[in-house]
Amino acid sequence: MTTNNTQFVSKLPDIGVSIFSEMTLLANQYNALNLSQGFPEFDTPEYIKGRINHYIKEGMNQYAPSPGLPKLQNAIASLIKNNYQVDINPTQQVTVTSGATEALFVAIQTIVKPGDEVIVFDPAYDSYQPAVTLAGGKTVHIQLNYPRYRVDWQQVQQKITSRTRAIIINTPHNPTGTVLSSDDLAQLSKLVESHNLYLISDEVYEHITFETPHISALQIASLRERAFVIASFGKTYHCTGWKLGYCIAPPALSSEFRKIHQYVTFSSFTPAQAAIADMIEQHPEHVNTLSEFYQQKRDYLIGALNNSRFKILPCQGTYFLLLDYTAISNINDREFCNWLTKEHGVAAIPMSVFNQSNQCDNVIRLCFAKNSDTLKLAAEKLCQL
């Protein structure tokens with residue numbers, strides 16, 4: 001009998017269970033209201049459910065073409081034209097993916113080589129760094145500071161080196177709820193052009209903005225030529241469990257993207273692709289009313305928390321609201337979220353987990369993509385603190 005004494009070495013030694021899974025498990029354990037994980041509590045529109053059932057019954061249950069059903073690619077191109085007045089080639093530029101997370105992973109693998117650096121902004125969505133690490137690259141973190149969480153473009157310029165390959169932006173931004181302005185995009189464009197960089201633009205909350213409109217990287221010609229723009233149907237149509245998103249990139253970049261995509265998922269859920277194509281074509285008003293729908297929820301939660309001891313930070317987009325708990329406690333945010341879940345029945349996300357430095361600003365994130373009864377009960381509990 002032989003034994004293998006080779007010690008296994010993890011490719012991601014510092015990565016454990018995600019904070020979203022951790023807090024959801026804790027919420028379930030203590031029967032708490034789960035305002036931590038970012039998923040809608042309400043159901044997918046009836047029209048889409050009817051269409052997916054139709055296509056399943058009709059036998060559309062086999063592989064779709066790897067880049068996506070042509071029907072959906074065309075619908076996405078129409079959506080982009082209507083929203084951003086930009087023409088894209090659906091066959092050459094649109095790739096349907098199994099959620100935005102797959103699109104982000106594949107885009108990173110497409111352009112990042114060992115030794116490359118990728119600039120990310122903290123607090124950052126937690127999938128960026130692991131994907132860069134697996135590609136052999138290194139993330140360079142730039143901290144966005146409380147309470148405005150705005151990008152300092154001079155600092156970005158200082159962080160760019162000969163090894164910098166790409167910049168990842170997220171607008172509207174999860175978890176801070178900020179939205180990049182036209183001036184932000186102009187300064188980003190200058191840096192990307194002058195240093196010959198690629199851009200990965202995470203725009204999954206593109207249709208959920210409030211007082212500040214969303215500007216897509218697709219609307220800036222110099223960015224459009226070197227960007228992977230990533231979106232999510234899960235966020236737009238309240239169907240996060242379907243795991244369907246897409247990536248738009250120039251033809252040459254899309255070709256390289258698809259080489260990797262075909263070996264990650266090959267293709268995505270066929271009947272869902274057909275159902276969402278129908279939704280885009282037949283019910284364009286859904287996208288146009290999404291901001292108003294979520295603004296009502298944001299405003300309801302803010303109003304319900306006005307008499308609390310929390311300081312409410314501005315929210316320009318996404319379905320997340322940040323609360324500063326300094327007036328309530330001086331413990332760190334992870335301890336505060338655990339205490340809040342166990343003792344007061346509301347689960348939230350600590351902001352420090354999105355920072356490489358674990359910088360703690362005594363701020364937590366709540367998801368307001370919930371029914372009114374849930375938001376009302378959560379606010380009542382929070383106002384008691």
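In this predicted model, helix H5 passes helix H11 in a right-handed crossing. The axes of H5 and H11, the latter spanning residues 251-261, come within 9 Å and cross at roughly 110°. Since angles of 65 to 115 degrees count as roughly perpendicular, the angle makes H5 roughly perpendicular to H11. On the H5 side the contact involves Glu102, Ala103, Val106, Ala107, Gln109 and Thr110, which meet Leu253, Glu256, Phe257, Ile260 and His261 in H11. Sorted by class, the residues of this contact between H5 and H11 comprise six nonpolar, three polar and two charged.

Two packed helices are described by the angle between their axes and the distance between the axes, and two further pairs can be treated in this way. Helix H1 packs with helix H14 (residues 333-344) at an angle of about 25°, and their axes lie 9 Å apart. Because angles under 35 degrees count as roughly parallel, H1 and H14 are described as roughly parallel to each other. The crossing of H1 and H14 is right-handed. From H1, the residues Ile19, Glu22, Met23, Leu26 and Ala27 take part in the contact, and from H14 the partners are Arg334, Cys337, Asn338, Thr341 and Lys342. The contact of H1 with H14 is made up of five nonpolar, two polar and three charged residues.

For helix H13 (residues 285-304) and helix H15 (residues 372-383), the packing angle is about 25° and the axes are 9 Å apart. H13 and H15 are therefore roughly parallel to each other, and their crossing is right-handed. Lys297, Tyr300, Leu301 and Ala304 of H13 make the contact together with Ser372, Leu375, Lys376, Ala379 and Cys383 of H15. In terms of class, six nonpolar, one polar and two charged residues form the contact of H13 with H15.

Attention now turns to the open spaces of the model. The largest pocket holds about 1,200 Å³ of space. Its lining consists of 48 residues, and of these Ser18, Phe20, Tyr125, Asp126 and Ser127 lie nearest the centre of the pocket. Two or more residues of this lining are given by each of helix H1 (19-29), helix H5 (99-111), strand S3 (117-122), helix H6 (128-134) and helix H10 (233-236). Divided by class, the lining of the largest pocket contains 20 nonpolar, 18 polar and 10 charged residues.

The second largest pocket has a volume of about 170 Å³. Of the 13 residues that line the second largest pocket, Ser78, Leu79, Asn82, Ile280 and Pro284 lie nearest its centre. Helix H3 (70-84), helix H12 (270-282) and H13 are the elements that give two or more residues to this lining, and the largest share, six residues, comes from H3. The lining of the second largest pocket divides into six nonpolar residues, six polar residues and one charged residue.

The largest cavity has a volume of about 150 Å³. It is lined by 16 residues, with Leu144, Val151, Asn170, His173 and Leu180 lying nearest its centre. Strand S5 (residues 164-170) gives the most to the lining of the largest cavity, namely three residues. By class, this lining of the largest cavity has 12 nonpolar residues, three polar residues and one charged residue.

Finally, some details of the backbone may be noted. Most residues other than glycine have a negative phi, and most peptide bonds are trans. Against this background, a cis peptide bond joins aspartate 122 and proline 123, where omega is about 5°, and proline 123 has its place in the loop between S3 and H6. A cis peptide bond also joins tyrosine 146 and proline 147, with omega about 5°; proline 147 lies in the loop between strand S4 (138-143) and helix H7 (153-159). Asparagine 31, a residue other than glycine, has a positive phi near 55°, and asparagine 31 is located in the loop between H1 and strand S1 (33-34).

Technical notes: Residues numbered from 1 in each chain as written. Predicted model: local features only at pLDDT ≥ 70, side-chain atom pairs only at ≥ 80, totals over all residues. Heavy atoms only, no water. Axes fitted to C-alpha atoms, helices over the stretch in contact; angles between N-to-C directions. Helix = DSSP H or I, 4+ residues; strand = E, 2+ residues; numbered from the N terminus. Parallel < 35°, antiparallel > 145°, perpendicular 65-115°, else oblique. Left-handed = near helix turned anticlockwise from the far one by under 90°. Contact = heavy atoms within 4.5 Å. Nonpolar A, V, L, I, M, F, W, Y, C, P; charged D, E, K, R; others polar. 1 Å grid on protein atoms, 1.4 Å probe; cavity = no way out; pocket = protein on both sides within 12 Å on 5 of 7 lines; lining within 4 Å. Points joined across faces, edges and corners; volume = space filled by probe spheres on them.
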